[in-house]
Amino acid sequence: MSGTVKASLWTIWFILTVFFITAFDLYAFSQITGNEKEILSLFVLAAIAAAFPIHYRGYSFVLFQWVSLASFLLYGLLIEIIVTQFALLFSLLLMKINRESLYRIPLNSIMFYITSLSAAGMYYFVVRLPLPNALDFFVPVAAYVCTFLFVNHVLIYLIRNHMAKVKTKFIDRGTVWELATAALVLPMSLILVMMYQEIGYGASGIVAVAFIGISIMLKVYRRSELMNEQLKKVNELGIELSSTWEVKETAHLFINKIKDLFPSDYIYLYTIENTKLELLEAYQKDPTDLFLTGKSIDSVTEKVYRRKRAVVFQNRSQWPTPERLWLKSAHSVMVVPMIQHRELKGIITIAVNQKSAYKKQDVTLMEILANFVGVAIDNARHYEATKKESERCPLTSLFNYRSFERLLIENYERSLIHRENVAVILLDLDHFKSVNDTYGHQAGNEVLCQIARLMEETIGENGIVARYGGEEFVILLTNTNSTVAYMKAEDLRTRIAQHQFLIHNDLNEGEVTPIQVTASIGVATSDDEESNPVSLVRQADRAMYTGAKQKGRNRVAVYGDGHGVQEAAATLEDTLTR
């Protein structure tokens, strides 16, 4: 809402309030004399009604209209207006509106000025109609209630759709519940009026006790209903978490579900890595608002890390002083540890730009969820580790040939759909047995590991590198023709030949020794319509042995028209260097 609109609201409200005070002083002030206790008791009832809103099915209703109607029937329009305005102001104060929301005071006050005047006008209009004696009281009062509700609903609809720019339907589920609760207004008002006429202001005490009792019962019922709903969602989330098999996927799912369960503008999921807290996943409503002090972990979270106990703050003023610069506009913060078998596994920090947002039951539910997600993350890590062990060579950490074969088939089939070529490069180290015989098998393993890192650096994200077996390695390049594949292989061969491999000479007291090795490389590309994944590897193997090994080693051979590919590569390289 713009500043001009807010200023206009305050101006209109000031004018209406001055007009009302003037009218009250002229026409209604005299009514207070002799009725001080009765009128004061109406203010007390209005405050009680405002302090105990009715919550049901996700909707909240502040039901003080029955006190307003009783005030109108007992003392007229001006007393009703002041009672209604008092109840409204008391209700807004209980909501603890901040400075940015102060405009709600004039906005709601103006709305109820209009509502009270409209309802009273309809009442006085109907009173003057010729009605049967049995209906001459009930019909005007019913008209008052219906007009009050209708005008109030129309004004709320207009404010939401045209001032707040929040598109809503004129009649929705909330409207139905509003009408249902408003059905209490007429009977409660009539009971209050009759009791006032019989026993005076003491009636307010009796009605107050009844209203508070009903409100508390509804509040307890709503709280248990809400807890059941949240427990159902918690159970569903637990089932979903148990079906995830990757750590990042588990954390992402958890964060997304938490947003629906609790009020949250900031959510941070930490795990313990090497006895330190590490941020695994985060959510923020405002992406620019993370850790304004430049820190990755706040002292509130660190406090939970040390004590292994949940911490809840309901107001920014309760935060430790250094943390008031942490999240720009958050007030409520809930930090809960993830504990399994008395061991801290991580921490969940959740915050919202709202005061007193988290209740005791929220902490209980979050602790349950923390255990769920802790177990799910552990399971996902175990699965990822097991999967890595089954897919990777334990020595070089490259894909093993079994995994490479699966990836080759998947990429080959995808290349057929997109009409692209794939290339296979097969590499075998020359005279590698002499390395083992001269320096020991452990030195040979060191060379294999260093070769693996060199291949990964050379190929990068453009291909898949795997250990074929022994001293042989294989590379898969997607969307690559023979010329480019040959150039990649030649670049790799040159780097290997020029690289000094530092190994520990196990046959000479572990002395660090630099050595050099060379590699023979074969290349095959799916240019041939009759090729298939298995034949590609065989073709690369044949090219390596017949075109590289048998012709002197330390060279690259291409299956098929190798001479033509070399000429094309030379031409392309010459063009690129010019």
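This is a predicted model: local features need pLDDT of at least 70, side-chain atom pairs count only at pLDDT 80 or more; totals for chains, interfaces and linings use all residues.

Student: Let's start with the rings. Why is the pair of Phe-72 and Tyr-144 called stacked?

Tutor: Two rings count as a pair if their centres lie within 6.5 Å, and planes under 30 degrees apart count as stacked. For Phe-72 and Tyr-144 the centres are 4.8 Å apart and the planes are at 25 degrees, so the pair is stacked. It is one of 14 aromatic pairs in the structure.

Student: How do you know whether Phe-72 is buried or exposed?

Tutor: Buried means under 20% relative accessible area. Phe-72 has 4%, so it is buried. Tyr-144, at 2%, counts as buried by that cut-off too.

Student: And Phe-112 with Phe-148: what kind of aromatic pair do they form?

Tutor: A tilted one, with 6.2 Å from centre to centre and 45 degrees between the planes. Phe-112 has a relative accessible area of 7% and Phe-148 has 3%, so both are buried. Phe-72, Phe-112, Tyr-123, Tyr-124, Tyr-144 and Phe-148 form one aromatic cluster.

Student: Which residues have the most contacts inside the largest nonpolar core?

Tutor: That core has 55 residues, and those with the most contacts inside it are Leu-45, Trp-66, Val-67, Leu-69, Tyr-144, Val-145 and Leu-192. Several helices each supply at least two of its residues, among them H1 (3–27), H3 (36–51), H6 (104–127) and H10 (202–242). As for Val-145, leaving aside its neighbours within four places in sequence, it is in contact with Leu-69, Val-185 and Leu-186. A second, separate core of 33 residues includes Ile-425, Val-435, Leu-448 and Phe-473.

Student: Why is strand E10 called largely enclosed?

Tutor: Count its buried residues. In E10 (residues 472–478), 6 of the 7 are buried, so the strand is largely enclosed by the rest of the structure.

Student: Which strands does E10 pair with, then?

Tutor: Strand E8 (residues 422–429) pairs with E10 in the antiparallel sense over 7 bridges, and Asp-428 stands opposite Glu-472. Strand E9 (residues 463–469) also runs antiparallel to E10, joined by 6 bridges, with Ala-466 opposite Val-474. The hairpin of E9 and E10 has 2 residues between the strands, and Gly-470 there takes a positive phi near 60 degrees.

Student: What makes E9 and E14 edge strands?

Tutor: The open sheet has 5 strands in the order E9-E10-E8-E13-E14, with mixed pairing. E9 and E14 each have a single partner strand, so one side of each is left without a neighbour in the sheet. The parallel part includes strand E13 (residues 519–525) with E14, over 3 bridges, where Gly-522 stands opposite Ala-557. Helix H14 lies across E8, E9 and E10, at about 20 degrees to E10.

Student: How do you know that the charge of Arg-392 sits over the ring of Phe-399?

Tutor: One condition is that CZ of Arg is within 6 Å of the ring centre, and another is that it is within 35 degrees of the ring normal. The charged end of Arg-392 sits over the Phe-399 ring at 3.8 Å from its centre. Lys-259 likewise lies over the face of Tyr-283, at 4.4 Å from the ring centre.

Terms used
Residues are numbered from 1 along each chain as its sequence is written. Side-chain values use heavy atoms; hydrogens and water are left out. A nonpolar core is a set of buried Ala, Val, Leu, Ile, Met, Phe, Trp, Tyr and Cys residues joined through side-chain atoms within 4.5 Å. Buried means under 20% relative accessible area, exposed over 50%, partly exposed in between (1.4 Å probe, protein chains only). Helices (H or I, at least four residues) and strands (E, at least two) are DSSP runs, numbered from the N terminus. Contact means heavy atoms within 4.5 Å. Two strands pair if DSSP finds at least two bridges between them. Rings of Phe, Tyr and Trp (its six-membered ring) pair if their centres lie within 6.5 Å; planes under 30 degrees apart count as stacked, over 60 as edge-to-face and the rest as tilted. Axes are lines fitted to C-alpha atoms, for helices over the stretch in contact, and angles run from 0 to 180 degrees between N-to-C directions.
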